[in-house]
Amino acid sequence: MLRSFFGKNFFSVFFDLYEDFKAIKRNDPAARGLEVLLYPSLHALIFHRLICHPLYKIRLYFLARLFSQISRFLTGLEIHPGAKIGPGFFCDHGMGVVIGETAEIGKNCVMFHGVTLGGTGKHKKKRHPTIGDNVFIGTHSTLLGPILVGNNVKIGAETVIVNRDVPSNCTVVGAPGMIVKRGNKKIYPPEYLPLSEYRIQELKLESNKDTNLNVEYFGDGGGI
């Protein structure tokens with residue numbers, strides 16, 4: 001029964017929460033002793049992992065949303081019950097964070113307050129970003145659409161990324177977001193992010209032409 005409710009090994013859910021607990025200690029030097037238990041990020045993940053997401057998996061959508069709204073009221077983090085969040089997730093401060101229904105977040109990711117993992121309003125199924133492992137997303141960043149963010153990525157504060165993928169092992173800043181570092185190598189001038197494959201297909205359909213698109217100068221606002 002517990003396996004059908006949680007959708008995986010019952011104890012692995014508590015392992016994920018334990019990793020979330022360690023992530024707070026690892027990423028915030030202000031977390032001392034039992035202060036970790038007071039973090040809204042941990043409270044929101046307890047709701048999400050133990051109640052909201054399991055209810056969503058067994059299609060009790062109203063109850064799932066009810067508890068997620070209670071969690072939002074108490075913590076300031078709005079996490080849709082359908083979102084998939086890997087272990088070791090830490091959201092510092094957390095107020096104003098929005099994580100959409102089809103968003104997926106990998107292992108050991110760090111996010112700050114005001115971040116939005118949202119949709120563009122044009123897609124029906126997969127609508128929200130997929131985030132890789134060991135990703136840092138700075139304050140008030142906005143990521144929209146079913147984009148892909150690779151592993152070991154750093155996204156600076158107030159960065160805006162729409163319809164563009166982010167390669168692994170790079171640093172992205174700005175509005176629109178642009179690559180300023182690959183690994184330890186600085187990039188100057190900054191590089192445009194590549195268009196997401198789904199966006200390329202959309203643009204081909206819109207133009208009704210099967211031609212190669214110049215992702216740097218194509219009229220897509222460099223990410224907007």
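Predicted model: local features only at pLDDT ≥ 70, side-chain atom pairs only at ≥ 80, totals over all residues.
**Buried charges, a parallel sheet and a hairpin**

Arginine 49 has a relative accessibility of 8% and therefore counts as buried, because the term is applied to residues under 20% relative accessible area. Since aspartate 16 belongs to helix α2 (residues 10–27) and arginine 49 to helix α3 (residues 40–57), the pair ties together parts that lie 33 residues apart in sequence. The pairing extends beyond these two residues, for Asp16, Asp20 and Arg49 are linked in a network of salt bridges. Side chains of opposite charge can pair when their charged atoms come close.

Across the whole structure, the search finds eight salt bridges. One of them joins the side chains of glutamate 78 and arginine 72, with a distance of 3.2 Å from N to O. Glutamate 78 is partly exposed, with a relative accessible area of 24%, and arginine 72 also counts as partly exposed, at 38% relative accessibility. A further salt bridge is formed by glutamate 101 and arginine 127, whose closest N and O atoms are 2.8 Å apart. This pair links distant parts of the chain, since glutamate 101 is placed in the loop between β4 (97–99) and β5 (104–105), while arginine 127 is placed in the loop between β7 (116–118) and β8 (130–131), at a separation of 26 residues. Glutamate 101 is partly exposed, with a relative accessible area of 21%, and arginine 127 is partly exposed as well, with a value of 23%.

The chain as a whole contains five helices and 16 strands. Of its 224 residues, 46% count as buried, and its accessible surface comes to about 11,800 Å², of which 59% belongs to carbon and sulfur atoms. When contacts are considered between residues at least 6 apart in sequence, 39% of them join residues that are at least 24 apart.

Five of the strands form an open sheet with parallel pairing, in the order β1-β4-β7-β10-β13. The edges of this sheet are formed by β1 (77–79) and β13 (160–162), each of which pairs on one side only. On average, and with direction ignored, neighbouring strands of the sheet are turned by 10° against each other. Within the sheet, strand β10 (residues 142–144) runs parallel to β13 and is joined to it by three bridges; threonine 142, for example, has valine 160 in β13 as its bridge partner.

Strand β10 also has a part in covering a helix. In helix α5 (residues 197–207), the residues Tyr198, Arg199, Ile200, Glu202 and Leu203 are buried, and what covers the buried residues of α5 includes β10. An α-helix has 3.6 residues a turn, so residues three or four places apart point the same way.

An antiparallel arrangement is found between strand β15 (residues 178–182) and strand β16 (residues 185–192), which pair over four bridges. Together, β15 and β16 form a hairpin with two residues between them, and glycine 183, which lies in the turn, has a positive phi of about 60°.

Serine 71, which lies in helix α4 (residues 61–75), counts as buried at 4% relative accessibility. When its neighbours within four places in sequence are left aside, serine 71 is in contact with Ala44, Phe47, Gly76 and Leu77. Cysteine 91 counts as buried at 1% relative accessibility, and the value for cysteine 170, which counts as buried too, is 1%. The structure holds zero disulfides, a term that would require a pair of cysteine sulfur atoms within 2.5 Å.

Conventions: Residues numbered from 1 in each chain as written. Heavy atoms only, no water. Buried < 20%, exposed > 50% of the residue type's maximum accessible area, 1.4 Å probe, protein only. Contact = heavy atoms within 4.5 Å. Areas by Shrake-Rupley, 256 points an atom, 1.4 Å probe, with all protein chains shown as cover. Pairing = 2+ DSSP bridges. Axes fitted to C-alpha atoms, helices over the stretch in contact; angles between N-to-C directions. Salt bridge = Lys/Arg side-chain N within 4 Å of Asp/Glu carboxyl O.
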